[in-house]
Amino acid sequence: MSSALVTPAVPVVRSARGRFEAWRRFRRHRMAVLGLAVLATIALAVLVGPLLIGYDSETIALASKNQPPSLAHLMGTDELGRDQLVRVLDGGRLTLSVAVSAVVFSLVVGVVVGAVAGYVGGALDNVLMRVVDVFYSLPSLFVVILLVILVGAGFWPIVTAIALFSWMNTARLVRASYLTLKQREFVEAARGTGVGHLRIAVRHILPGALGPIIVTATLGIAAAILSESALSFLGLGFQPPQATWGGLLYEAQRPVVSLGHWWRGLFPGLMIFLVVLSVNYVGDGLRDAVDPKRRRS
């Protein structure tokens, strides 16, 4: 459901020297490096953190309910006495799993559609781009909400619903790359030696389109996190006792909870903010790394 503007295809240098130069340009983008460090820290925390903390995310302890942050409970407890730090980390694992799965699904669809449209061209290109335009014109959040209501709020229905409106930008970027790269000399040389169309499209052209694919995948994770959080905040995502960052925010805004219990919404909201901001900085760094002309402009 990303609304990012379609940008021209950006080049990818295939040589080892080119990759080193791209990494060097990325490292010069301080906010991107900081964002990458924050993302790595949060990913490590949601993966191993619940195993290291001496609380279970679903264990009820009414004697400890509604406690503010302390040394015993760093993020406080909820109305059932459950440790909020463990629930935030568990919720992050589910939220990030949904986001990554949705991005992978949307990338597969977007790359296939964009590659076919750009390589084949002609009438098929026109038809596929009109399909892209139709998906762009739909009210994506409303349709996703409708699909989740009709199908249910399981993991794969939510992933599929988000991915259905996240592939269009990838398709246009890949199409633009293919339209440019298929005219290059190395593609003409491959055709002249009798290489088949499928091998040319996958082995010769696709590596040159990896730049925009990587960038749009990075930014797509932020959009998917916001989409899942919006569904959970509206009460249409994963249902209790499963925790997600959006679901924890939904619980925090209930009148019986929100009054005086500031920690309930602060920490899951802070996690969403940090991840989305970090992903956007990493995306900016990747754009500058694979397209140095953009940074100088």
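Predicted model: local features only at pLDDT ≥ 70, side-chain atom pairs only at ≥ 80, totals over all residues.
Residues are numbered from 1 along each chain as its sequence is written, and side-chain values use heavy atoms, with hydrogens and water left out.

The secondary structure consists of 14 helices and 0 strands, where helices (H or I, at least four residues) and strands (E, at least two) are DSSP runs numbered from the N terminus. Of the 297 residues, 45% are buried (under 20% relative accessible area, with a 1.4 Å probe and protein chains only). The accessible surface, computed by the Shrake-Rupley method with a 1.4 Å probe, is about 14900 Å², and carbon and sulfur atoms account for 69% of this area. Among contacts (heavy atoms within 4.5 Å) between residues at least 6 apart in sequence, 72% join residues at least 24 apart.

Helix α11 (residues 245–252) and helix α13 (residues 263–290) have axes that come within 8 Å and cross at roughly 150°; axes are lines fitted to C-alpha atoms over the stretch in contact, and angles run from 0 to 180 degrees between N-to-C directions. The two helices are therefore roughly antiparallel (an angle over 145 degrees). The contact involves W245, G246, L248, L249, E251 and A252 of α11, together with R264, G265, P268, G269, M271, I272 and V275 of α13.

Technical notes. Parallel < 35°, antiparallel > 145°, perpendicular 65-115°, else oblique. Buried < 20%, exposed > 50% of the residue type's maximum accessible area, 1.4 Å probe, protein only.
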